[in-house]
Amino acid sequence: MHLLIPSAGTGKRMGGTRNKLLLEVRSQPIIAWTLKAGAAASAIEWIGIISQPIDWPELKAILANLNVNKPVEFIIGGSTRQESVYNGLQALPSGAEQVLIHDGARCLVTPDLLNSCAAAIRQCSGLIAAVPVKDTIKVVDDHGIIKSTPDRRQLWAAQTPQGFNVKLLKQCHVEGVRQGWEVTDDAALFERCGIQVRIVPGEETNLKVTTPQDLAIAEFILSNREGVSNHLTQ
Ligand SMILES: Nc1ccn([C@@H]2O[C@H](COP(=O)(O)OP(=O)(O)OP(=O)(O)O)[C@@H](O)[C@H]2O)c(=O)n1
Ligand SMILES: C[C@](O)(CO)[C@H](O)COP(=O)(O)O
């Protein structure tokens with residue numbers, strides 16, 4: 001399975017001056033944790049890091065330290081996530097029939113989740129990892145007035161990995177450019193083209209590191225994981 005990792009953002013909501021994926025959590029860059037999960041997932045045979053060339057020297061140094069034993073390609077990112085994934089799709093090897101797309105910023109993903117998405121995408125055209133929403137969600141207008149309360153049983157929080165048939169996803173991206181659609185994930189392009197996308201159970205801990213608070217939460221989750229694995233090996 002081919003894995004594209006969009007990593008070309010600037011991290012505006014993190015508030016820093018450089019790509020947030022180079023910030024450290026438990027003494028390793030965020031992107032290193034994501035790459036380690038991709039490297040450890042047995043179903044993944046090829047990885048494409050979609051990123052800005054300005055970050056390449058640092059990303060290449062991080063990669064060199066990880067000893068990833070599968071091919072890793074660097075692909076130039078775009079100015080939006082949508083453009084970055086578009087570039088990634090063009091850079092896939094010609095034989096790639098399905099692809100997983102996983103945000104570099106979701107550094108807590110487990111190899112198990114990548115493997116289960118890789119297995120599931122062989123049985124359908126499109127899927128995303130997602131978790132049921134726990135809060136009551138309100139639809140609010142521009143004046144801060146609640147318009148409605150959707151039925152929570154139908155609400156899921158979208159994560160990555162997201163998996164797709166490559167040919168269909170390329171067609172949906174082209175249609176997105178033609179129609180001027182701006183979307184925050186690839187599933188939305190499938191939806192707008194009327195193609196079914198299936199939900200697979202995501203992981204509560206698979207958060208996207210977006211704000212400084214998320215950095216602290218990621219630190220906490222990873223330290224707990226280390227605690228558990230130390231305990232098991234004692
Ligand atoms: N032009 C872009 C923008 C985003 N991404 C990637 O898409 C993922 C999800 O995006 P997000 O968390 O929003 O990252 P940023 O765009 O960096 O953050 P912000 O929106 O706060 O600027 C991240 O791994 C990010 O690097 C990308 O590849 N290309
Ligand atoms: C793809 C995604 O991770 C699903 O939650 C998300 O949409 C990425 O971008 P966002 O701009 O932070 O929504």
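**Figure 1. T160 and its contacts in the predicted model.** T160 touches R81, I101, H102, D103, R106, A129 and N206, leaving out residues up to four places away in sequence. This structure is a predicted model. T160 is found in strand β10. Is T160 buried or exposed? Its relative accessibility is 2%, so T160 counts as buried; the cut-off for buried is under 20%.

**Figure 2. The peptide bond between T160 and P161.** Which kind of peptide bond joins T160 and P161? The bond is cis. Its omega is about 10°. P161, like T160, is found in strand β10.

**Figure 3. The seven-stranded sheet.** Seven strands form an open sheet. Their order is β5-β4-β1-β6-β10-β7-β11. The pairing is mixed. Which strands are at the edges? They are β5 (72–76) and β11 (198–201), and each pairs on one side only. Neighbouring strands of the sheet are turned by 30° against each other on average, with direction ignored. Strands of a sheet pair through backbone hydrogen bonds, either parallel or antiparallel.

**Figure 4. Strands β1 and β4, side by side.** Strand β1 covers residues 2–6, and strand β4 covers residues 46–51. The two run parallel. How many bridges join them? There are five. One residue pair to find is I5 and its bridge partner I49 in β4. Helix α4 (residues 111–120) packs on the sheet. This helix touches β1, β6 (98–101), β7 (126–132), β10 (156–165) and β11. The direction of α4 makes about 50° with that of β10.

**Figure 5. H2 in strand β1.** Look for H2 in strand β1. H2 has 10% relative accessibility, so it counts as buried. What surrounds H2? Leaving aside neighbours within four places in sequence, H2 is in contact with E45, W46, L92, P93, A96, Q98, V99 and L100.

**Figure 6. Helices α3 and α5.** Two packed helices are described by the angle between their axes and the distance between the axes. Helix α3 spans residues 81–90, and helix α5 spans residues 166–179. They pack at an angle of about 135°, with axes 10 Å apart. The two helices are therefore oblique to each other. Their crossing is left-handed. Which residues meet? Q82, V85, Y86 and L89 come from α3, and L169, K170, H173 and V174 come from α5. By class, this contact has five nonpolar, two polar and one charged residues.

**Figure 7. Helices α1 and α2.** Helix α2 covers residues 56–66. The axes of α1 and α2 come within 10 Å and cross at roughly 45°. The pair is therefore oblique. The crossing of α1 and α2 is right-handed. On the α1 side, I31, A32, L35 and K36 make the contact. On the α2 side, L59, I62, L63 and L66 take part. By class, the contact has seven nonpolar, no polar and one charged residues.

Figure 8. Why is helix α1 described as largely enclosed by the rest of the structure? Eight of the eleven residues of α1 (residues 30–40) are buried, so the helix is largely enclosed. The buried residues are I30, I31, A32, W33, T34, L35, A37 and G38.

**Figure 9. R26 and S27, between β2 and β3.** R26 is in the loop between β2 (24–25) and β3 (28–29). S27 is in the loop between β2 and β3 too. R26 is not a glycine, yet its phi is positive, about 45°. S27 also has a positive phi, near 65°, in a residue other than glycine. R26 has a relative accessible area of 30%, so it is partly exposed. S27 has 64% relative accessibility, so it counts as exposed.

**Figure 10. Q213 in helix α7.** Q213 is found in helix α7 (residues 212–233). Is Q213 buried or exposed? Its relative accessible area is 53%, so Q213 is exposed. K147 is 66 residues from Q213 along the chain. The C-alpha atoms of these two residues are separated by 29 Å.

How values were computed: Residues are numbered from 1 along each chain as its sequence is written. Chains are lettered from A and ligands numbered from 1 in the order in which they are written. This is a predicted model: local features need pLDDT of at least 70, side-chain atom pairs count only at pLDDT 80 or more; totals for chains, interfaces and linings use all residues. Side-chain values use heavy atoms; hydrogens and water are left out. Two strands pair if DSSP finds at least two bridges between them. Helices (H or I, at least four residues) and strands (E, at least two) are DSSP runs, numbered from the N terminus. Axes are lines fitted to C-alpha atoms, for helices over the stretch in contact, and angles run from 0 to 180 degrees between N-to-C directions. Contact means heavy atoms within 4.5 Å. Angles under 35 degrees count as roughly parallel, over 145 as roughly antiparallel, 65 to 115 as roughly perpendicular and the rest as oblique. A crossing is left-handed if the near helix is turned anticlockwise from the far one by less than a right angle, and right-handed if clockwise. Ala, Val, Leu, Ile, Met, Phe, Trp, Tyr, Cys and Pro count as nonpolar, Asp, Glu, Lys and Arg as charged, and the others, Gly among them, as polar. Buried means under 20% relative accessible area, exposed over 50%, partly exposed in between (1.4 Å probe, protein chains only).
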